Amino acid sequence: MAVTEDDFNYDDTPLDEPLEHDPEAEGAPVSEDGNEGESARYYQRKARWYAVQVASGCEKRVKVNLEQRIGTLDVVNRIFQVEIPQTPAVKLRKDGSRQNIDEKVFPGYVLVRMYMDDEAWSVVKNTPHVINFVGAEQRRAYGRGRGHVKPMPLGMGEVKRIFKRTEEQKPVIKVDMAPGDKITVLSGPFKDFEGEVVEVSPERSKLKALLSIFGRDTPVELEFNQVEKES
């Protein structure tokens, strides 16, 4: 994840215009001599991280689409990063092999570092599979409906904790087995026995299950690849 300390060193003084999406807000200030570089630095300093809710399972698709739209719609000077916080994990397969995977920290959300104005808001909001920004709901002054959501920037400390977690967390071993699951033994001396999982040890690739032996529930330790979970 390409996130550095510089991404948190922004200017925290009040903006010269509303930070949230406001249809009546004017454009961001530019330098008097029209210096685009100075304006870009202003946007960079005032950028914040926002959480954006997306359709379930569409996080990577939204990231790819949004990054393409940023270039196509020429808002590279206002939308700077799109990230999916993830932590490493190891998935244990039924055959005992291991697969390195990334597990999303916040399924259904992506984080966007951006300068919030009408145009940037529209680019993000109208990206396919984006539901809305996370923020405070604004009630309509008249008529029916729920109004619109006022995007609320994440606190700098909160964002640092999120990315620190993704960088420092050790891989977690994941297995599709849990206490209470019903299983059937596929191999070994207890082949074709049925039972219930009582303990799972991912680091050892083993589990303990209660099998009915001679009419009595007996705890037996088994390898993951020796059992199959009943549907």
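Where does Asp-117 lie? Asp-117 is found in the loop between strand 5 and helix 3 (118-125). The model is predicted: local features need pLDDT of at least 70, side-chain atom pairs count only at pLDDT 80 or more, and totals for chains, interfaces and linings use all residues. Residues are numbered from 1 along each chain as its sequence is written, and side-chain values use heavy atoms, with hydrogens and water left out. Helices (H or I, at least four residues) and strands (E, at least two) are DSSP runs, numbered from the N terminus.

- Asp-117 counts as buried because its relative accessibility is 9%; buried means under 20% relative accessible area, exposed over 50%, and partly exposed in between (1.4 Å probe, protein chains only).
- The side chains of Asp-117 and Arg-78 are joined by a polar contact of 2.9 Å. A polar contact is a pair of N or O atoms within 3.5 Å; within protein, one must be able to donate a hydrogen and the other to accept it, and residues adjacent in sequence count only if both atoms are side-chain atoms.

- Four strands form an open sheet in the order 2-5-1-6, with antiparallel pairing; two strands pair if DSSP finds at least two bridges between them.
- Strand 2 (79-83) and strand 6 (130-133) are at the edges and have a single partner strand each, so one side of each is left without a neighbour in the sheet.
- From one strand to the next, the twist averages 30°.
- Strand 1 (residues 48-54) and strand 5 (residues 109-114) run antiparallel and are joined by six bridges; Ala-51 stands opposite Leu-111 in strand 5.

- Three bridges connect strand 10 (residues 182-185) with strand 11 (residues 194-201), and the two run antiparallel.
- Thr-184 stands opposite Glu-194 in strand 11.

**Helix 4**

- Helix 4 (residues 156-168) contains 13 residues and reaches 18 Å from its first C-alpha to its last, close to the 18 Å expected at 1.5 Å a residue; the expected span is 1.5 Å times one less than the number of residues.
- Val-159, Ile-162, Phe-163 and Thr-166 are buried in helix 4.
- These residues cover an arc of only 85° around the axis, which puts them on the same side of helix 4; the arc is that of the directions from the helix axis to the C-beta atoms.
- Arg-161 and Glu-168 are exposed on the other side of helix 4.

Notes:
Axes fitted to C-alpha atoms, helices over the stretch in contact; angles between N-to-C directions.
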